[in-house]
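The following exercises concern the geometry of a single protein chain. Each sets a task and then works through a solution step by step.

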Amino acid sequence: MENSPDGINPTKQLDLAPNIKLGIATHAHPITMMIRSLILTALCLCSSLQAAERPNILFILADDMGFGDLGCYGSSQIKTPALDALAANGVKFTDGYVSAPVCAPSRAGLLTGRYQQRFGFEHNLHSPHYLKPEKAGIPLDETTVAQRLKNLGYRTGLIGKWHVGSYLPEHHPNARGFDFFFGMLGGGHTYWPTLKKNSLLRNREKISEIRTPYLTDWFSREAEDFITQDSQNPWFLFLSYNTPHTPMQAKEEDLKAYSHISPKRRQIYCAMQKCMDDNIAQIISKLKATKQLENTLIVFCSDNGGSVTASSAINAPLNGMKGCFLEGGIRVPMIMHWPAGLKPGQTYSHPVITLDFTPTFVHLAGGKVEEEIVGSGKRAYKKTRDGVNLIPFLQGQKQGSPHQALFWRMAIRGSAVRSGQWKLIQTPHHPTMLFDLSNDLAEQHNLAPSMPEKVAELTNLYADWAESLKANPMWISDNFWSAYNKKLYDIDYDLTQPTGNTTKH
């Protein structure tokens with residue numbers, strides 16, 4: 001039998017030793033038959049135990065959330081007790097990155113475990129006339145983490161925002177590994193849907209009723225339903241909130257809790273964060289009540305940095321925001337909580353990236369993400385896997401950094417590379433920028449003019465990576481966004497948490 005796409009050979013899992021065979025001959029001695037039967041029974045019991053020990057996986061993604069907008073990441077205004085508790089009793093990552101500073105390409109990377117540039121998904125979704133329909137999203141020949149987990153026996157679900165392809169039926173989440181889908185295929189949605197005004201689907205069907213008025217609450221109730229379904233299999237749920245992405249809309253009771261905050265947009269943002277945290281608390285309570293919390297890996301992060309100008313997010317102490325390669329655009333809060341497998345109270349400081357989630361999840365499910373061969377003959381090549389299984393690093397079996405370097409690129413907008421403490425940013429509209437993040441986390445002191453050797457070293461490192469890519473961008477965002485992107489590097493951002501009730505933006 002051939003290996004599965006996830007590297008699992010079902011027959012190989014039953015090997016006891018090279019010379020032990022489990023085939024039963026018709027002429028075997030009765031005692032031999034009994035021994036073999038006992039061995040088979042033991043193997044079945046071990047297999048069942050192994051399956052029972054595989055964790056459930058709850059992956060919660062916020063949308064455009066600021067680095068400094070959780071209590072555990074220093075917020076002086078927003079109270080987030082549920083997420084703070086997950087961080088205190090799990091792993092808090094100080095240097096957690098996304099693979100893109102905007103929504104869609106970031107999601108394409110985390111869902112595949114590959115730099116999305118490898119399959120041409122560099123910008124937010126755009127469908128120019130020349131683009132083949134099957135390429136208007138994550139290409140159909142890319143395997144998602146949901147497909148991998150489903151192949152390993154997991155029950156899979158996506159609730160919330162998709163935003164990585166809807167042009168063809170084959171792009172739909174149900175066709176990309178998710179047994180269940182409730183949410184929207186696009187990038188945004190009103191928080192107050194009505195039957196006449198909504199883009200919500202339950203699997204492939206339009207909704208026929210409004211379950212609860214506010215969308216964040218609705219997504220959370222659907223999540224509770226999914227995780228409490230009676231099932232013999234472990235589950236994977238991608239809870240993809242659109243909170244706190246625009247439009248800025250919040251419930252009255254949450255607004256009252258932050259009535260002292262101004263400007264109004266910041267007040268709404270704080271209220272939306274509160275609502276998300278309250279709902280996460282309810283989901284955790286449901287996991288406790290059903291005795292699933294101990295063996296459920298909960299991962300939380302944002303899809304990119306906070307949008308300062310659109311939603312009044314705060315990325316302090318980081319400079320920059322969504323859309324640029326400054327730290328505020330690509331470094332995000334990241335938390336892992338798994339009582340059965342991770343020591344509580346950890347702070348992990350080596351750089352990691354959301355590409356690491358796919359191999360980490362697949363490893364915990366009992367599989368392996370391998371670099372399969374694509375093509376044949378002289379055109380054959382290995383399909384590079386960029387993510388790293390983080391579990392050995394978090395459990396102390398491996399030391400050092402999981403990555404030698406991390407890379408970012410959006411054609412026309414620029415690129416960046418981080419290696420150790422050093423970070424290089426190159427754009428078409430600003431001089432080359434070099435920062436020592438160990439001494440200048442806010443990226444205020446450009447060392448490029450005084451350190452040409454380090455600039456050359458990182459430029460060469462980036463060039464080697466760029467040359468390894470097998471695809472060009474399949475589409476480019478409208479020219480408006482290039483001009484908009486230029487302005488993001490010139491904004492005077494809040495680099496400290498507000499001391500009062502008012503923020504700058």
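The exercises below refer to this predicted model.

**Exercise 1. State the secondary structure content of the protein chain and the share of its residues that is buried.**

Solution. The protein chain contains 13 helices and 18 strands. Of its 505 residues, 55% are buried. Among contacts with a separation of 6 or more, 70% join residues 24 or more positions apart.

**Exercise 2. Classify the ring pair of phenylalanine 178 and phenylalanine 236, and locate both residues.**

Solution. Step 1: the count of aromatic pairs comes to 24. In the pair considered here, the ring centres of phenylalanine 178 and phenylalanine 236 are 6.3 Å apart and the planes are at 25°. Rings pair if their centres lie within 6.5 Å, and planes under 30 degrees apart count as stacked; the pair is therefore stacked.

Step 2: phenylalanine 178 belongs to the loop between strand 4 (155-161) and strand 5 (180-184), while phenylalanine 236 belongs to strand 8 (residues 235-240), so the pair ties together parts that are 58 residues apart in sequence.

Step 3: the relative accessible area is 1% for phenylalanine 178 and 0% for phenylalanine 236. Because buried means under 20%, phenylalanine 178 is buried, and phenylalanine 236 is buried.

Step 4: both residues belong to one aromatic cluster, which also includes Phe59, Trp162, Phe238, Phe357 and Phe361.

**Exercise 3. Classify the ring pair of tyrosine 191 and tyrosine 214.**

Solution. Step 1: the pair is stacked, at 5.6 Å centre to centre with 20° between the planes.

Step 2: tyrosine 191 lies in the loop between strand 5 and strand 6 (200-202), and tyrosine 214 in the loop between strand 7 (205-206) and helix 5 (215-227), so the pair ties together parts that are 23 residues apart in sequence.

Step 3: tyrosine 191 and tyrosine 214 are buried.

**Exercise 4. Describe the surroundings of proline 244.**

Solution. Step 1: proline 244 is in the loop between strand 8 and helix 6 (252-257). With 0% relative accessibility, proline 244 counts as buried.

Step 2: leaving aside residues up to four places away in sequence, proline 244 touches Asp63, Asp64, Met65, Tyr191, Tyr269, Met272, Gln273 and Ser311.

Step 3: the loop that holds proline 244 also contains proline 247, which a cis peptide bond joins to threonine 246, with omega about 5°.

**Exercise 5. Determine how helix 5 and helix 7 are arranged.**

Solution. Step 1: the axes of helix 5 and helix 7 (residues 264-289) come within 10 Å and cross at roughly 15°. Angles under 35 degrees count as roughly parallel, so helix 5 is roughly parallel to helix 7.

Step 2: the crossing is right-handed.

Step 3: residues of helix 5 including Thr216, Asp217 and Ser220 meet residues of helix 7 including Cys275, Met276 and Asn279.

**Exercise 6. Which backbone angles of serine 312 and isoleucine 412 are positive, and are these residues buried or exposed?**

Solution. Step 1: most residues other than glycine have a negative phi. Serine 312 has a positive phi of about 65°, and isoleucine 412 has a positive phi near 80°.

Step 2: serine 312 lies in the loop between helix 8 and helix 9, whereas isoleucine 412 lies in the loop between strand 15 (406-410) and strand 16 (414-419).

Step 3: serine 312 is buried, with a relative accessible area of 2%. Isoleucine 412, at 52% relative accessibility, counts as exposed.

Terms used. Residues numbered from 1 in each chain as written. Predicted model: local features only at pLDDT ≥ 70, side-chain atom pairs only at ≥ 80, totals over all residues. Heavy atoms only, no water. Phe/Tyr/Trp six-rings, centres within 6.5 Å; stacked < 30°, edge-to-face > 60°. Helix = DSSP H or I, 4+ residues; strand = E, 2+ residues; numbered from the N terminus. Buried < 20%, exposed > 50% of the residue type's maximum accessible area, 1.4 Å probe, protein only. Contact = heavy atoms within 4.5 Å. Axes fitted to C-alpha atoms, helices over the stretch in contact; angles between N-to-C directions. Parallel < 35°, antiparallel > 145°, perpendicular 65-115°, else oblique. Left-handed = near helix turned anticlockwise from the far one by under 90°.
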